[in-house]
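Have the sequence and the 3D view ready.

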Amino acid sequence: RKGGTYSGFSEADATGTVVFPLINDRNFGFFTGISLANVTDTAATVTCTYSGTTYRDENKALPARGTLTIVNANLIGNGYNGSGTCTVTGGARIVGVANQLRTSPNSAGQQVDTFYVYEGSNN
């Protein structure tokens, strides 16, 4: 098994937009999931757009001081390899992480996970 970690966030660095430079959906077996955290006392609505496609995650509820996870598997398009931008409404501020996963058999036929993580960029 392979894995990774991401660092913590400062609430002061949170903004209304988080950019994820690498989003996958069935790209050589990889898919991503993104997790957003609302660092304010204001409930929000999230919209995520993805480069090169009309697919969007729209009107996702993000409670005050809550989290939201979106798994990109089997949603955007087979072989998708692009980027994503998530924005919130109502003055809330967010931070986010992306998780990239592929499960495939090794030479002994056992399932092996390859897992990467990274922090989204606040704009």
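A disulfide is a pair of cysteine sulfur atoms within 2.5 Å. Before we use that, some housekeeping: this is a predicted model, where local features need pLDDT of at least 70, side-chain atom pairs count only at pLDDT 80 or more, and totals for chains, interfaces and linings use all residues. Residues are numbered from 1 along each chain as its sequence is written, and side-chain values use heavy atoms, with hydrogens and water left out.

**The sulfur link**

By that rule, there is one disulfide here. Its partners are C48 and C86, with an S to S distance of 2.1 Å. C48 sits in strand β3 (residues 44-50) and C86 in strand β6 (residues 80-88), so to speak two distant parts of the chain, 38 residues apart. Strands, by the way, are DSSP runs of E with at least two residues, numbered from the N terminus. The torsion about the S-S bond of C48 and C86 is about 110°, so this disulfide is right-handed.

Are these two cysteines buried or exposed? Both C48 and C86 are buried. Buried means under 20% relative accessible area, exposed means over 50%, and partly exposed is in between (1.4 Å probe, protein chains only).

**The charged pairs**

Side chains of opposite charge can pair when their charged atoms come close. A salt bridge is a side-chain nitrogen of Lys or Arg within 4 Å of a carboxyl oxygen of Asp or Glu.

| Pair | Closest N to O distance |
|---|---|
| R65 and D41 | 3.1 Å |
| R56 and E58 | 3.2 Å |

Which residues form a network of salt bridges? E11, D41 and R65 do. The R65 and E11 bridge ties together distant parts of the chain: R65 is in the loop between β4 (56-62) and β5 (67-71), while E11 is in the segment before β1 (17-27), 54 residues away. The bridge from R65 to D41 also links distant parts, with D41 in the loop between β2 (30-38) and β3, 24 residues from R65.

How accessible are these side chains? R65 is partly exposed, at 46% relative accessible area, and E11 is partly exposed too, at 40%. D41, on the other hand, counts as exposed, with 64%.

Finally, back to R56 and E58, which pair with each other. R56 is partly exposed, with a relative accessible area of 40%, and E58 is partly exposed at 43%.

Methods. Helix = DSSP H or I, 4+ residues; strand = E, 2+ residues; numbered from the N terminus.
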